[in-house]
Structure formats: C-alpha cells, structure tokens
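Reader: Could you walk me through this one? I'd like to know how you get to each answer.

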Amino acid sequence: MNNAARIGVFGAGLGLAFGAAFGVGRVMDPVLDEEQRAAPSDHGADHGADHGAGHGGQEEEGGTEGGGAGSGAGAEVPGGLQVSERGYTLAAPAEALPAGEETDFRFRILGPDGEPWREYRTEHEKDLHLIVVRRDLSGFQHVHPTLGEDGTWSTPLTFEEAGAYRVFADFVPVGDPGGGLTLGADVAVAGDYEPRPLPEPEATTTVDGYEVSMDGTLAAGGESELAFSVARDGEPVTDLEPYLGADGHLVALREGDLAYLHVHPGESLTFHAEAPSAGTYRLYLDFQHDGTVHTAEFTVHAH
Ligand SMILES: [Cu+2]
C-alpha cells in the first residue's frame, strides 16, 4: 500500500475510534480499532508525525518535519482528543464519581496488545502526568498517579464540582518509536452542572497572593514564545523552586474541544507553545514557591 492510501485508511481508523468513543460512552473496555490493533508500531515508524502533543517533545520535532506535507491530516491532529491513539488506550472510570469529596481515582493505559501497559519513560521527572479539567476549562488539576503492579494507575483526586471532566494522560511508552502521547477521556462527576464562562483575556492574574504576568502572543498554526513572571507584594519572586525539572510547567488547552497543545519549556519561565488553529485557549502555569505548587491561569486568543 502506498503512503497516501495508508494514510487514508489510518484517517478512517481515527474516525472510527472517535465514533466508538462517543457512541459507546464510558466503558472500561479498550476502544481499539482494527487498524491500530493490526499495526500499532507501523505508524510510529513510518509516520513519526502521528503523535500526540506530549511531554516527549524533543524527538517529536523531527517527526513532524520528517512527515512533511505528505503526512496528511494525521500530522495536524493535536493531542488529547482521542481516547485511543497509536494502539494505546486510556481506560478511565465508567461510573459517575462524587463531587466535593476525595476519591481514589484509578485508570489504566492499555497497550497495543490490549493489556495494561507498564513501561513508561520518565519525562519531566514523572512516568505519567495526569491533567484533569472540567469541560468548561475550570477545575484544573495536574497530578502524578502511582503505577500499581497490575498496571493500574491511581491517585487521590477531588472533583470539587459536578460536571463533565476531561482527563489527559501524558506519557511516553518505552520502546515506541512514535514518542510521547496524550490520551484524553471524559469522566462524569454527578450532580448539577453549572458551567462557568471562560474569563476574559488578561495579561496578569493573581493566584494565592502571587501576581503572574504573561508576555507574548499566541500565533495560530505556529510556535509562539510565551514568557511568564511572578511577583508578590509588587516585588519579583526570584527564588522559584524547580518543579518537574524546570522553573515551571505549562499546559494549554483549546476552548471548544480541549485539544491539548504541544508545549515545551525554554529558559526560565519561558515556553514554546504550538496553537493548532485560531481560537481561544486556556493556559495553566504551574510554579513552585515555598514548597507549594500554584497554578496561574490565562485566557488567550490566537490569531
Ligand atoms: Cu506532571
């Protein structure tokens, strides 16, 4: 099969996986389509561009470029939109979870053979990063679950308010040439859902007594440099503590579908973010000071 035909088939496969994810709803069973089952590593090898926007950034750069114009739609798909990708599936809780109380949140990553995947490459000091956010982009959390011997990840988690949440698992499977992946799944938290409007864009926000400012603009369809600074009581905070091996950690999500942007850190509190399209994005900057991690949030329009 030539490349164009293969990509066409793969594209159809993506649609299938997508449809199944929505159609079947929240089930623990793997939602693997036949093509991914048949040739999980094939894609990674031939089309390095078919990867998620994960923490495993570095080698993905080459993959994207190597794919070039001939890679088709696969190269354009941001991470986090699929429950199953490249043969790996995020199996999240099917039952509704309670609001406002701590739960033992458990999930699995199923590998290409359908069994719980256990081999993860440490990225940003962790084997897997779990991002949790409500569908209205409120309630953001970034946690690091523990992998059990049976391949189940678990972490205590409190969903403060009811609603539909998106959980993102960001990881690098060992031995997969495709690099990092970000899988996304919906999780229901029972109760009355009162969606919040997204806050307007502001260059400065306040969190836990820290004033955090953002410098830079988010360009649609390219890579943008965003620089952040932190102050308290009007004075720059110069003794931020390392968090996940850097001065801070940035997650960016697109409003409308919660596409998970590819972000990689630069010097200090500077990041390079790739906005796949024009639109509105919510940025979540994690930084650590005095032993506590804080999250500053920004709304940004990309043009
Ligand atoms: Cu993390």
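This is a predicted model: local features need pLDDT of at least 70, side-chain atom pairs count only at pLDDT 80 or more; totals for chains, interfaces and linings use all residues.

Reader: Let's start with the metal. Which residues coordinate the copper ion?

Author: The donor atoms sit at 1.8 to 2.0 Å from the copper ion. In sequence the donor residues follow the spacing H-x12-H-x1-H. By name and atom, they are His129 (ND1), His142 (NE2) and His144 (NE2).

Reader: How many residues apart in sequence are the parts that histidine 129 and histidine 142 tie together?

Author: Histidine 129 belongs to strand β4 (residues 128-134), while histidine 142 belongs to strand β5 (residues 141-143). Each sits in its own strand, so the pair links parts of the chain whose separation in sequence is 13 residues.

Reader: Is histidine 142 buried or exposed?

Author: Buried means under 20% relative accessible area. Histidine 142 has a value of 12%, and histidine 129, also a copper donor, has 1%. Histidine 142 therefore counts as buried.

Reader: Now the strands. Which residue stands opposite glutamate 225 in β16?

Author: β12 and strand β16 (residues 270-274) run antiparallel and are joined by 5 bridges. On another pairing, β12 (residues 223-232) meets strand β11 (residues 210-215) over 6 bridges, again antiparallel, with serine 213 partnered by serine 229. In β16, the residue opposite glutamate 225 is histidine 272.

Reader: What phi does aspartate 233 have in the turn between β12 and β13?

Author: β12 pairs with strand β13 (residues 235-236) in the antiparallel sense over 2 bridges, and arginine 232 has glutamate 235 as its bridge partner. The two strands form a hairpin with 2 residues between them. Aspartate 233 is in that turn, and its phi is positive, about 50 degrees.

Reader: Last one: is glycine 175 buried or exposed?

Author: Glycine 175 is in the loop between β8 (163-171) and β9 (181-189). Its C-alpha is separated by 8.4 Å from that of glutamate 119, 56 residues apart along the chain. The cut-off for exposed is over 50%, and the relative accessible area of glycine 175 is 75%, so glycine 175 is exposed.

Note on methods: Residues are numbered from 1 along each chain as its sequence is written. Side-chain values use heavy atoms; hydrogens and water are left out. Helices (H or I, at least four residues) and strands (E, at least two) are DSSP runs, numbered from the N terminus. Buried means under 20% relative accessible area, exposed over 50%, partly exposed in between (1.4 Å probe, protein chains only). Two strands pair if DSSP finds at least two bridges between them. Donors are N, O and S atoms within 2.8 Å of the metal (3.2 Å for Na, K and Ca); water is not among the atoms, so sites may look incomplete.
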